[in-house]
Amino acid sequence: MNHLPEDMENTLTGSQSSHASLRDIHSINPGQLMARIESYEGREKKGISDVRRTFCLFVTFDLLFVTLLWIIELNVNGGIENTLKKEVAHYDYYSSYFDIFLLAVFRFKVLILGYAVCRLRHWWAIALTTAVTSAFLLAKVILSKLFSQGAFGYVLPIISFILAWIETWFLDFKVLPQEAEEENRLLLVQDASERAALIPAGLSDGQFYSPPESEAGKETKSDAEQKYTSVTQ
């Protein structure tokens, strides 16, 4: 016997919830959304993200640091000019450090070209440089006679190996995920802005109201139950 009043209450509750959702939609501030979109677009106009710029700086540091160590090694082993002729003009794979310097130049060119100039969003370029660096250094350490030439026989291969893998970690765990997250945020903000633009401006809560019921149309809960009882009988 209580089905009819319950249906009436559910209808009223649904109507109230729909009005509340409309008020929530109209509470969106398009100005704030546009400000966020402009901030994201400003980052895009810069051409390169902050985290990618940091990665490129680290790649440059890799080249400069290995070059510095190689120059120190040239100066220690009999002077820069004489050692340079020995390691470059009379290159010997088993005793020269020149190939380790060329390996740093190779990493620098590939990574800067791929991630600064072409702005790649894939890991294949860093995978190539890290694989070539690791394979070459392992082969050189096993086959060459670097360990008999003092501390630089240990320092240069180890430093080059560590720097190559730090670059791989930084790109794979910092650069690419953070840029993908920022792109997803931009898409979400743009989608919210497009939805807000479809809502007419200048609407207030007072425009969403139900007209007052007339006295003749009002029914109490007891009147509805009596009518339902008479119909069932």
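**Salt bridges and aromatic contacts**

At a relative accessibility of 49%, lysine 85 counts as partly exposed. This value, like the others reported here, was computed from a predicted model. The partner of lysine 85 in a salt bridge is glutamate 81, with an N to O distance of 3.9 Å.

In total, the structure holds seven salt bridges. Side chains of opposite charge can pair when their charged atoms come close. A further example is found in helix 3 (residues 50–76), where aspartate 50 and arginine 53 are three residues apart and therefore separated by about one helical turn. The closest N and O atoms of aspartate 50 and arginine 53 are 2.8 Å apart. Aspartate 50 is partly exposed, at 46% relative accessible area, and arginine 53 is likewise classed as partly exposed, at 34%.

Another salt bridge joins glutamate 183 to arginine 121, with 2.7 Å between the closest N and O atoms. Glutamate 183 belongs to helix 7 (residues 152–197), whereas arginine 121 is in the loop between helix 5 (98–117) and helix 6 (124–143), so this pair ties together parts that are 62 residues apart in sequence. Glutamate 183 is partly exposed, with a relative accessible area of 37%. The corresponding value for arginine 121 is 48%, and this residue is also partly exposed.

The unreviewed UniProt entry places the feature "transmembrane region" at residues 55–76, 96–116, 123–143 and 149–166. In the model, the span 55–76 is 100% helix and 0% strand, and its end C-alpha atoms lie 32 Å apart. The span 123–143 is 95% helix and 0% strand, with 30 Å between its end C-alpha atoms.

Aromatic contacts were examined next. A pair of aromatic rings is described by the distance of the centres and the angle of the planes. A search of the whole structure finds twelve aromatic pairs. In one of them, the ring centres of tryptophan 70 and phenylalanine 101 are 4.8 Å apart and the planes meet at 15 degrees, so the pair is stacked. This pair links distant parts of the chain, since tryptophan 70 lies in helix 3 and phenylalanine 101 in helix 5, 31 residues apart. Tryptophan 70 is buried, at 7% relative accessibility, and phenylalanine 101 is buried at 16%.

The rings of phenylalanine 161 and tryptophan 165 have centres 6.4 Å apart and planes at 50 degrees, so this pair is tilted. Phenylalanine 161 and tryptophan 165 are four residues apart in helix 7 and therefore separated by about one helical turn. Phenylalanine 161 counts as partly exposed, at 33% relative accessibility, and tryptophan 165 is partly exposed at 45%.

Ring pairs also link Phe55, Tyr115, Trp169, Phe170 and Phe173 into a cluster.

Key:
Residues are numbered from 1 along each chain as its sequence is written. This is a predicted model: local features need pLDDT of at least 70, side-chain atom pairs count only at pLDDT 80 or more; totals for chains, interfaces and linings use all residues. Side-chain values use heavy atoms; hydrogens and water are left out. A salt bridge is a side-chain nitrogen of Lys or Arg within 4 Å of a carboxyl oxygen of Asp or Glu. Helices (H or I, at least four residues) and strands (E, at least two) are DSSP runs, numbered from the N terminus. Buried means under 20% relative accessible area, exposed over 50%, partly exposed in between (1.4 Å probe, protein chains only). UniProt positions are given in the numbering used here, feature names are shortened, and annotations may be inferred rather than shown by experiment. Rings of Phe, Tyr and Trp (its six-membered ring) pair if their centres lie within 6.5 Å; planes under 30 degrees apart count as stacked, over 60 as edge-to-face and the rest as tilted.
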